[in-house]
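Here is a brief report on salt bridges, a helix and a nonpolar core. Read it with the coordinates open.

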Amino acid sequence: MPQRHSKNNNDLAFFTYDEKRKLGYGTQKERLGKDSIKPFDACCLCLKPFIDPMCCQKGHVFCKECILECLLAQKKDNQRKLAAHTAQKKQEKEEEEEKLMSQKARELDAFDQQNHGAVPQYNDKNQSRDKNGFHGANSVKVTSYEEEALRTMKAFWLPSATPEAPAKVEAPSSCTVCPEGNEKLKMKTLFPIYYTEDKSGEKKSSSHDKSFMCPSCKVTLTNTLSLVALSSCGHIFCKKCADKFMAVDKVCLVCDKPCKERHLVNLAKGGTGYAGHDENLEARDFKHLGSGSGLGLVRPAMKT
C-alpha cells in the first residue's frame with residue numbers, strides 16, 4: 001500500500017514538519033509515568049518510604065534523619081559563607097587603609113619636592129631624563145608616577161597588570177529554609193506524624209508495601225486523597241474527617257488530645273495520573289538543532 005506523499009516528499013530544499021519531528025527538532029514532550037510521581041508516604045529528600053517521619057508547618061514530610069542532616073548542612077554552609085564574608089570585609093578595610101597611606105605618601109612627596117626643590121641634576125648624558133628635567137633613577141616624583149602607572153595600567157598582555165573582577169561574597173542569611181518549599185524552617189517547628197497502618201489484610205506486607213488508612217473512616221490512603229495532620233499529636237486523617245469532626249469537636253479522634261484549628265496542617269499531596277491534581281505531569285525539552293544530527297543542543301523549554 002503506498003504511503004502518504006506529504007510525509008515522504010524528499011525533493012524539497014527544506015525539511016518538512018514531519019521530517020523535523022523525526023530528526024528531533026522542536027519541543028519534545030513526554031508524559032511522566034507512575035514511576036516519576038512521588039507517593040504520599042515517601043520522603044521529599046530521599047524519595048524512599050519514610051522512617052520516623054517529620055512534618056513542617058507547610059505539610060512537607062521528611063525522614064527525621066534526612067531533614068536533620070539537611071538543616072545541619074545548611075547551618076555549616078551559612079557559617080562558611082559568613083566566614084568568607086568577614087574575611088572579605090577585613091581585606092577591603094586593609095586595602096582602603098593601604099590606599100589612604102599611599103595617597104598620604106604621594107602628597108608628602110609632592111610637598112617635599114615643592115618646598116625643597118628637585119634632586120640635583122647630573123651631567124651624565126647616558127642617564128635618561130624626562131621632559132621636566134628630573135633624573136629617572138634619583139627622582140622621587142618619577143618613581144611615584146611609575147608606581148602609580150603600573151598600579152592603574154590595564155594591560156591584558158601583562159599577567160601582573162591584568163585587571164581582575166573582585167568576587168564579592170554577599171552577607172548570608174542566618175536562617176535555614178525548607179528544601180521543598182523554600183520557606184524559613186527551624187528544627188523546633190518540625191513535629192512527628194503517625195500513620196495508622198491497615199492490618200486488615202491476611203498476608204503480612206513488607207515494610208515497603210505497607211498500606212495506611214484513616215483511623216476515622218477506615219479508608220485506605222492514596223495520592224488521590226487530601227490528608228490532614230494534627231501538629232498537636234501528629235495523627236493523620238483524611239480531609240473530610242478532619243473538617244467534619246476535628247474542626248468541630250476540637251479533639252483528636254485517636255488520642256482525645258485537644259486541638260485547635262491552627263493545629264490542622266494540610267499535607268502536600270503526591271501526584272496522580274489526572275491532569276486536575278495540581279501536578280505538572282508533562283516533561284518538555286526544546287532541541288533547536290535536532291537530536292539526530294549529532295549536534296543536539298538542548299535548552300529548557302519556556303514555561304507557558
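The expected span of a helix is 1.5 Å times one less than its number of residues. Helices (H or I, at least four residues) and strands (E, at least two) are DSSP runs, numbered from the N terminus. Helix α2 has 53 residues. From first C-alpha to last, α2 reaches 78 Å, close to the 78 Å expected at 1.5 Å a residue.

This is a predicted model, in which local features need pLDDT of at least 70, side-chain atom pairs count only at pLDDT 80 or more, and totals for chains, interfaces and linings use all residues. Residues are numbered from 1 along each chain as its sequence is written, and side-chain values use heavy atoms, with hydrogens and water left out.

**Overall picture**

The protein chain holds four helices and eleven strands. Of its 304 residues, 25% count as buried. Buried means under 20% relative accessible area, exposed over 50%, and partly exposed in between (1.4 Å probe, protein chains only). The accessible surface of the protein chain is about 22700 Å², and 53% of that belongs to carbon and sulfur atoms. Accessible areas come from the Shrake-Rupley method with a 1.4 Å probe; for residues, only the protein chains shown count as cover. Contact means heavy atoms within 4.5 Å. Among contacts in the protein chain with a separation of 6 or more, 52% join residues 24 or more positions apart.

**Salt bridges**

Side chains of opposite charge can pair when their charged atoms come close. A salt bridge is a side-chain nitrogen of Lys or Arg within 4 Å of a carboxyl oxygen of Asp or Glu. By this rule the count is three.

| Salt bridge | N to O distance |
|---|---|
| Arg80 – Asp77 | 2.5 Å |
| Lys81 – Asp77 | 3.6 Å |
| Lys239 – Asp243 | 3.8 Å |

Take α2, residues 64–116. Arg80 and Asp77 both lie in it, three residues apart, about one turn of the helix. Lys81 and Asp77 also both lie in α2, four residues apart, again about one turn. Arg80 is exposed at 52% relative accessibility. Asp77 is partly exposed at 28%, and Lys81 is partly exposed at 33%.

The remaining pair sits in α4, residues 239–249. Lys239 and Asp243 are four residues apart there, so about one helical turn separates them. Lys239 is partly exposed at 32% relative accessibility. Asp243 is partly exposed too, at 42%.

**Buried residues and the core**

Which residues of α2 are buried? They are Ile67, Cys70, Leu71, Gln74, Asn78, His85, Gln88 and Gln113.

A nonpolar core is a set of buried Ala, Val, Leu, Ile, Met, Phe, Trp, Tyr and Cys residues joined through side-chain atoms within 4.5 Å. The largest one has 36 residues. Ile193, Tyr195, Leu221, Ile236 and Leu267 have the most contacts inside it. The elements giving two or more residues to this core are β2 (53–55), β3 (61–63), α2, β7 (227–230), β8 (236–238) and α4. Its largest share, four residues, comes from β7.

What does Tyr195 touch, leaving aside its neighbours within four places in sequence? Tyr195 is in contact with Phe40, Phe50, Phe212, Leu221, Leu227, Ile236 and Leu267.
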